[in-house]
Amino acid sequence: MKPALFRFFLTLTLLPFLWTAAGAQAVGFPELGSALPGRTDATYLDLARMVIPDLAADQDGFYRGGLPIEMRHIERPDGGGSPPETSGFSNAAVLAIKAGGKDRLAMLFDLGDSPDSAEGYAVLALYDVTAKPKLLDAVNVALDRGTYFREPGKLSVGTNDDVLITMSAHFNSSQNYVITPLIMIRNDRFELIDMIFTFDENLCAYSRKQDVAFETIADGQLYAAIKVTVTDATVLNGESCDDTPPRPESHAISVIYHWDKKTSHYIKDSDTLDKLAGENAKRF
């Protein structure tokens, strides 16, 4: 399947994870040639060119360019694959956020397939657009074939700071694999908090789906605690199949991430989600 066609079907498959009407108010998809809100001297294309310097519109209004600037992978400095030599898109996902009490703009560009990795290549960029636009940081956040902001896109962990939520995924005829990173910004640089691995199946007699919900809890720390809950549900579909289906059930698995002042990092209170990831891997 061609990469562009694959991403089209992937987006359709992942619509439940992406944007409800409420979520769409937070994340925007402006045309790259349009001006920044309240500005006449800068466009989203100007911001995108700070990541892909030769990005330009073709005759069909599609934007194409060559290699992006060098950047690290969000998981580890030597992680991820190489960027594609050429990439193209018509818009990018845009999200206004708070970081260290300052207004910032995050943009997410899915550049397509990596030539040497199955993970693809997606750029999460951080900008200061309060005056002359400035690129503050850029990281590759691709962890699978397609990468997006995941609803709700951001979590407020205080009056001055937001945490970003992205997702990377791929699917086949009966399975959907999703990796959801939580990303904070400190000193105008992206930092990974953790990654949540979930796995959905649609089999002959039943489906098993793992939904993720996020909640912040004020606990007196510099940054609020983050509660992540995965609801793992097995539902029978009434079909008659050769194999005996499992019993229908639904249970919730929760982990709370607390800010640790000594280490200056979020620390989770259990390894429950890691165990779930291990169990899911056995079902691949």
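Two strands are taken to pair if DSSP finds at least two bridges between them. Strands and helices are themselves DSSP runs, numbered from the N terminus, with at least two residues (E) for a strand and at least four (H or I) for a helix. The structure is a predicted model, in which local features need pLDDT of at least 70 and side-chain atom pairs count only at pLDDT 80 or more, while totals for chains, interfaces and linings use all residues. Residues are numbered from 1 along each chain as its sequence is written, and side-chain values use heavy atoms, with hydrogens and water left out.

Eight strands form an open sheet in the order E10-E11-E12-E13-E14-E15-E16-E17, with antiparallel pairing. From one strand to the next the twist averages 20°, where axes are lines fitted to C-alpha atoms, for helices over the stretch in contact, and angles run from 0 to 180 degrees between N-to-C directions.

Further along the sheet, strand E15 (residues 225–236) and strand E16 (residues 249–260) run antiparallel and are joined by 9 bridges. Within this pairing, Val230 has Ile253 of E16 as its bridge partner. Helix H4 (residues 272–283) packs on the sheet and touches strand E12 (175–186), strand E13 (189–202), strand E14 (206–217), E15, E16 and E17, contact meaning heavy atoms within 4.5 Å. The direction of H4 makes about 45° with that of E13.

Strand E11 is largely enclosed by the rest of the structure, because 9 of its 11 residues are buried (buried means under 20% relative accessible area, exposed over 50% and partly exposed in between, with a 1.4 Å probe and protein chains only).

Two residues of E11 deserve a look of their own. Ala169, found in strand E11 (residues 161–171), is buried at a relative accessible area of 0% and stands opposite Val178 in E12. Ser168 also lies in strand E11 and counts as buried, at 0% relative accessibility. The side chain of Ser168 makes a polar contact of 2.8 Å with that of Thr147, a polar contact being a pair of N or O atoms within 3.5 Å; within protein, one must be able to donate a hydrogen and the other to accept it, and residues adjacent in sequence count only if both atoms are side-chain atoms. A polar atom of the Ser168 side chain also lies 3.0 Å from the backbone nitrogen of Leu143.

A search of the whole structure finds 1 disulfide, defined as a pair of cysteine sulfur atoms within 2.5 Å. Cys204 is joined to Cys241, with an S to S distance of 1.8 Å. The torsion about their S-S bond is about -85°, so the disulfide is left-handed. The pair links distant parts of the chain, 37 residues apart: Cys204 is in the loop between E13 and E14, and Cys241 in the loop between E15 and E16. Cys204 is partly exposed, with a relative accessible area of 48%, and Cys241 counts as partly exposed at 23%.
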